Amino acid sequence: MVALAELDDKIKEIEELVNKDYQLLTKDLSSISQRFTQLHQEYLEISRGAVSDLMEGLAELGQKDFLSGGIKLIKAAIKGGFAWWKKKKWFSQFTSALEQIYNTRLEVIEQKLRDIELVEREHLPFIRETAERLLQQLVSFNLSSPQVREGVVDRAESVVITLLKSYYIAGVGKFLKAAYEDARNAKVIAGDISVIKEELLRGIAEVRELLQKLSPSPDSPLIEVINRNRVFGGSNG
Amino acid sequence: MKKEEKEFLFEYIDETLDDLEKEIGFFDESLSGKGPKIVVKEEKRGKKDKADKLIQAFNAFNDSKEGIVEVLNLVKAIKETDAKANSLYLELQRELGVLEMRKEKLKESSQRLKELIETYRAQIEKVMELLEKLPVESDEDFSKKLQLIDRANNLLRELSSVVLKFLTA
């Protein structure tokens, strides 16, 4: 099968491309979050120290121990103030950065899913319908001479390859859709590349059926495309 | 003042205060190594107060000295924690930058390819219309028709390639 063999490299290429995108869209940020939680804890401890300094300082002032009490109050103010301010600043910075990251990821994923859906809904049907219209034109010809016939069979074969390509594209679309949906759900394994070949095999069976359906007689040029065995060889579907 | 010296001094002061009937002497020497030597006699009340005040002032000075060092260490520790937080934040920002770039690039190429697809589809529609209207009455018509079929099929293939690019953008 010419069509299938030629596609192997291309499929690998697509797989790599999707893997790269998938990694970008699902990169685990938990280590950063964890380290941030630790920092948060450190700030909390500093705050706690501030409270005990404050109490000690006040007690010492009560006992008229002004110098030591005063220093403790200053310490409490620095500890408490710094820790509170830093905690607040970093907490809001971290959460807003994380939120932005998750939102941007989601936007990319949604855009991809929208595009894939558009292809499935609009463009693939258009390509298939147009190819079918071309085949209908080809069967309507009055095939007077063998040369004319040969020309028509060549064209039909060429249109059939276009049609098969649309199944390959549909397979790519299905694979991508699964991969991006997996990314949205943060799954570990993204999509299954074998869906592309499955779709192509389905295409070969369907196109063969279509050619038979469009042929007014067993000697039509479309049947000859099947019999030439160049596109359909090995797929006795 | 060395730690040992300080401990010694405190111990000494403790003992002498408990036993103020006797004299307290020379702790000021340990303090600075010089200065007046304080001698408190049991029968002299005023001298006891003086010693108390001195001990208090000394303790306060020592406490506050430690306190000041602690404050400086604290500021240092907070600066370090702050630097750590900052580097984590930068890491997140880098991540966000890569994603933003991916998003912008996708948006841009998605739009461009969408327009290209529409252009192809319009062209193909035109060729198909011509093709389907053209009657086949002569050999010339026939070859014209084959040409149009070739043209339409080529355009369809190009469209397919653009659609594939659109999917994998």
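Helix 3 of chain A gives the most to the lining of the second largest pocket, contributing 4 residues. That is a handy place to begin, with one thing to keep in mind: the model you are looking at is predicted.

Let's stay with this pocket for a moment. Its lining is made up of 13 residues, and those nearest the centre are A:Leu25, A:Thr26, A:Tyr102, A:Arg105 and A:Ala186. Besides helix 3 (66-139), the elements of chain A that give two or more residues to this lining are helix 1 (2-26) and helix 4 (146-184). As background, rolling a probe the size of a water molecule over the atoms shows where empty space is left.

Now turn to the place where the chains meet. Here 66 residues of chain A are in contact with 59 residues of chain B. The size of an interface is often given as the accessible area lost when the parts come together. For chain B and chain A, the area buried between them is about 6100 Å², with 71% of it on carbon and sulfur atoms. On the chain B side, the residues that lose the most area to chain A are B:Leu92, B:Leu99 and B:Leu167, which together account for 11% of what that side buries.

The rule finds 20 residue pairs in polar contact between chain B and chain A, counting pairs with both residues at pLDDT 80 or more. Which elements of chain B give two or more residues to the side that touches chain A? They are helix 3 (45-133) and helix 4 (139-168) of chain B. Helix 3 of chain B gives the most to that side, with 40 residues. The residues on the side of chain B that touches chain A divide into 31 nonpolar, 10 polar and 18 charged.

Side chains of opposite charge can pair when their charged atoms come close. Across the interface of chain B and chain A there are 8 salt bridges by the rule, while the count over all chains is 21. One salt bridge links B:Glu91 with A:Arg35, whose closest N and O atoms are 3.2 Å apart. B:Glu91 lies in helix 3 of chain B and A:Arg35 in helix 2 (residues 30-62) of chain A, so this pair joins two chains. Another salt bridge is formed by the side chains of B:Lys103 and A:Glu107, at 2.8 Å from N to O.

Methods: Residues numbered from 1 in each chain as written. Chains lettered and ligands numbered in written order. Predicted model: local features only at pLDDT ≥ 70, side-chain atom pairs only at ≥ 80, totals over all residues. Heavy atoms only, no water. 1 Å grid on protein atoms, 1.4 Å probe; cavity = no way out; pocket = protein on both sides within 12 Å on 5 of 7 lines; lining within 4 Å. Contact = heavy atoms within 4.5 Å. Buried area = accessible area lost by both parts, 1.4 Å probe. Salt bridge = Lys/Arg side-chain N within 4 Å of Asp/Glu carboxyl O. Polar contact = N/O pair within 3.5 Å; in protein donor to acceptor, adjacent residues only side chain to side chain. Nonpolar A, V, L, I, M, F, W, Y, C, P; charged D, E, K, R; others polar.
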